[in-house]
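Biologist: I have a model open and want to learn how to read it. Can we go through it feature by feature?

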Amino acid sequence: MRSNAETLGDGGVGYWGPPRLRKGLFHGVTPVASVMSPAQQIERAQGRIALRLAKLEARGLRALVVSDENMLGSVRHNLRHRQLYPAAGQRLARYRHAMGGRVDRVILCIRAPQHYWASAYAFSLMRIGQVPGRAELAEIAAMPRSWRDVVTDLACALPDAEIIVLPHERLAPYPEARLAALLGRADVPRKHAREVRNARPSTAALVARLTECGLDPGPYAEMAEGAGLFDSEARARMAETYADDLYWLRAGADGLARICEETTPETAGTNPDPGAIRRGQINGTQARRMA
C-alpha cells in the first residue's frame, strides 16, 4: 500500500497504515493510563481524526483504507488469554466511534486455527523467547471461541458496515485481490504485490532460536509448518472447527457477513482459435478427424 500510495491517491484512495496510526493519530481510541478518562481520550482522538478526514476530503479522496494488524487486538493479547481476539467487538466499536461512524466496509482475514496459533507462537519465540507448555496448548486446542464468534462480535460493533471475510489459505498470496474486495473494484495496482513481508520463520530459524534460548527444540522443531505444537487429535479438532466456520460463512453467515474466495488471475487467459471450439464429437463423425 505504501509503495502504491501515489497511484492509489490518483484513483481517489487514501491509506493509513501502522507508520501513521502509531504516531499518535489513534492514541486514546483504546484507553491507556492517563490523567484523562477513557471518554476524554477517545473524544480527543475523534477530534484529531476528524481534522485529518476533512483534509483528505479537501484533496478529493473518495475512500480511505485503514489497516493495522493490531486493530482487533495484539498477538500477545491472544496468547495471554488463549483466545481469538476476545476484545475484537469492543475495540472495533471504539474505532468506529472515533471515525465518526464512517466505516462502510470491513475486511477480516481468517486462518485455520492450528496454523494461526503455530504462527503466533513462532512470533512469540522470535520476539521474547517463550514457548507454550503442554497444558497451555491443550487449553487452546479446546478453546470454544472460533472465527464465527469474531465475525459475530464485529457485526454487533459495526451494524452498518459490510463485513467481508477472506480465508488466508486462498488469498494470502494475492494482496491485490484483498484490496479489490475492500474497495469493491478491480482496477487496483499490482506493483509490489509479490513482495513477501513478515513471513513466518523457517524451521531452521526456529530451532536456532530455541537453542539460543536454552530450550529443547524437539517438541517445537516443526513449528514453522504447524505440525510440531499440537498432536494429531488436537489438529483434527481444530481443523473441524475451521471447516464449520467456513461452512457457516459460505451458507450466508446468518446475514452478518459474506465470504470472498475469488482471486485475481495471474495472467490473461489465451483465447482459443475460433474454429477450435466447434471441434468435438461431431468432427469425429462428419469431419472425420480427431477433436
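Modeller: Start with one residue. Lys191 is exposed, with a relative accessible area of 58%. Lys191 sits in the loop between helix 10 and helix 11 (203-212). Keep in mind that this is a predicted model.

Biologist: Which residues of helix 10 are buried?

Modeller: In helix 10 (residues 175-183), they are Glu176, Ala177, Leu179, Ala180, Ala181 and Leu183. Next, look at what covers them. The cover includes strand 1 (13-16), strand 2 (63-66), strand 3 (105-110) and strand 4 (162-167). Helix 1 (5-10) and helix 9 (168-171) are also among the covering elements.

Biologist: What does the backbone do just after helix 10?

Modeller: Gly184 follows, with a positive phi of about 75°.

Biologist: On to charges. How many salt bridges does a search of the whole structure find?

Modeller: The search finds 15. To count, a side-chain nitrogen of Lys or Arg must lie within 4 Å of a carboxyl oxygen of Asp or Glu. One of the bridges joins Arg105 and Glu162, at 2.8 Å from N to O. Arg105 is in strand 3 and Glu162 in strand 4, so this bridge ties together parts that are 57 residues apart in sequence.

Biologist: Which other arginine meets Glu162 in a salt bridge?

Modeller: Arg258 does, at 2.7 Å from N to O. That pair links distant parts of the chain: Arg258 is in strand 5 (residues 258-259), Glu162 is in strand 4, and 96 residues separate them. Arg258 is partly exposed, with a relative accessible area of 39%.

Biologist: Which residues are linked in a network of salt bridges?

Modeller: Arg22, Asp68 and Glu69 are linked in one.

Biologist: Now helix packing. What describes two packed helices?

Modeller: Two values do: the angle between the axes and the distance between the axes. Here, helix 8 (residues 147-157) packs with helix 12 at an angle of about 40°, and the axes are 9 Å apart. That angle makes helix 8 oblique to helix 12.

Biologist: Which residues make the contact?

Modeller: Helix 8 contributes Trp147, Arg148, Val151 and Thr152. Helix 12 contributes Tyr242, Asp245 and Trp248. By class, the contact has 4 nonpolar, 1 polar and 2 charged residues.

Biologist: Where is Ser146, and is it buried or exposed?

Modeller: Ser146 lies in the loop between helix 7 (134-141) and helix 8. Ser146 is buried, at 7% relative accessibility. To read its surroundings, leave aside neighbours within four places in sequence. Ser146 is then in contact with Leu84, Thr241 and Asp245. Asp245 also belongs to the contact of helix 8 with helix 12.

Biologist: Last, cysteines. How many disulfides come out of the count?

Modeller: The count is 0. A pair would need its sulfur atoms within 2.5 Å. Cys109 is partly exposed, with a relative accessible area of 36%. Cys213 is partly exposed as well, at 29%.

How values were computed
Residues numbered from 1 in each chain as written. Predicted model: local features only at pLDDT ≥ 70, side-chain atom pairs only at ≥ 80, totals over all residues. Heavy atoms only, no water. Buried < 20%, exposed > 50% of the residue type's maximum accessible area, 1.4 Å probe, protein only. Helix = DSSP H or I, 4+ residues; strand = E, 2+ residues; numbered from the N terminus. Contact = heavy atoms within 4.5 Å. Axes fitted to C-alpha atoms, helices over the stretch in contact; angles between N-to-C directions. Parallel < 35°, antiparallel > 145°, perpendicular 65-115°, else oblique. Nonpolar A, V, L, I, M, F, W, Y, C, P; charged D, E, K, R; others polar.
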